Amino acid sequence: MTIELTMLAYSVALLIVLVLFQATVGVRAKGAIPMANSRDDVGPATGFHARMLRVVDNHREGITMFAPLVLIAAAANIHNGMTVLGAELFFYSRLVHAVLYVLGVPMVRPLAWAVGLAGTVIVLLAILGIIT
């Protein structure tokens, strides 16, 4: 398996961890029975629970752009230093981003997000042959 596909697998694993953590926080915030029901009357998430929902949504948004590019690169047998760099930038920055988000660290978190987006763009440019 290529490094790019490994980074994609790690990114999916990170999403699973975030979803499980978010679900646990939701149960603790709202209760097991309300969260197991239809949730029509649970009310909006607040505080840490809301932050956990946002970090999951944010990671899901990032992986939605990243995953197809890695799969396209794999299908087209495009594997070079730039695709590896982009994939590694994406995963490691998203890991840092998630930790910063969970901890509520302001100002630095958007920088980690930007590095992840840059990694995605690098993979895209490598697929298009713009960078090698």
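This briefing covers helix packing, a nonpolar surface patch and a salt bridge. The model is predicted. Helices α1 and α3 cross at roughly 160°, and α4 and α5 cross at roughly 160°. A nonpolar surface patch of about 310 Å² includes Trp-113 and Leu-117. The salt bridge count comes to one.

**Helix packing: α1 and α3**

- Helix α1 spans residues 3-30, and its axis comes within 9 Å of the axis of α3.
- The two axes cross at roughly 160°.
- Angles over 145 degrees count as roughly antiparallel, and α1 and α3 are therefore roughly antiparallel to each other.
- The crossing of α1 and α3 is left-handed.

**Helix packing: α4 and α5**

- Helix α4 covers residues 81-103, and its axis comes within 7 Å of the α5 axis.
- The crossing angle of α4 and α5 is roughly 160°.
- That angle makes α4 roughly antiparallel to α5.
- Helix α4 passes α5 in a left-handed crossing.

**Nonpolar surface patch**

- Four residues are named in the patch: Met-65, Trp-113, Leu-117 and Val-121.
- Their patch has an area of about 310 Å².
- Helix α5, residues 109-127, gives the largest share of the patch, with three residues.
- Trp-113 lies in helix α5.
- Trp-113 has 34% relative accessibility, so this residue counts as partly exposed.
- Leu-117 is also found in helix α5.
- The relative accessible area of Leu-117 is 31%, so Leu-117 is partly exposed.
- Partly exposed here lies between the buried limit, under 20%, and the exposed limit, over 50%.
- Leu-117 and Ala-98 are 19 residues apart along the chain, and their C-alpha atoms are separated by 14 Å.

**Salt bridge**

- Arg-60 forms a salt bridge with Asp-57.
- The closest N and O atoms of this pair are 2.9 Å apart.
- The cut-off for a salt bridge is within 4 Å, and by this rule the count is one.
- Both residues sit in helix α3, residues 47-75.
- Arg-60 and Asp-57 are three residues apart in α3, so about one helical turn separates them.
- Arg-60 has 39% relative accessibility and therefore counts as partly exposed.
- Asp-57 counts as partly exposed because its relative accessibility is 45%.

Definitions and conventions:
Residues are numbered from 1 along each chain as its sequence is written. This is a predicted model: local features need pLDDT of at least 70, side-chain atom pairs count only at pLDDT 80 or more; totals for chains, interfaces and linings use all residues. Side-chain values use heavy atoms; hydrogens and water are left out. Patches are made of residues with over 30% relative accessible area and no salt bridge: like charges are joined within 9 Å, nonpolar side chains (Val, Leu, Ile, Met, Phe, Trp, Tyr) within 5 Å. Accessible areas come from the Shrake-Rupley method with a 1.4 Å probe; for residues, only the protein chains shown count as cover. A salt bridge is a side-chain nitrogen of Lys or Arg within 4 Å of a carboxyl oxygen of Asp or Glu. Helices (H or I, at least four residues) and strands (E, at least two) are DSSP runs, numbered from the N terminus. Buried means under 20% relative accessible area, exposed over 50%, partly exposed in between (1.4 Å probe, protein chains only). Axes are lines fitted to C-alpha atoms, for helices over the stretch in contact, and angles run from 0 to 180 degrees between N-to-C directions. Angles under 35 degrees count as roughly parallel, over 145 as roughly antiparallel, 65 to 115 as roughly perpendicular and the rest as oblique. A crossing is left-handed if the near helix is turned anticlockwise from the far one by less than a right angle, and right-handed if clockwise.
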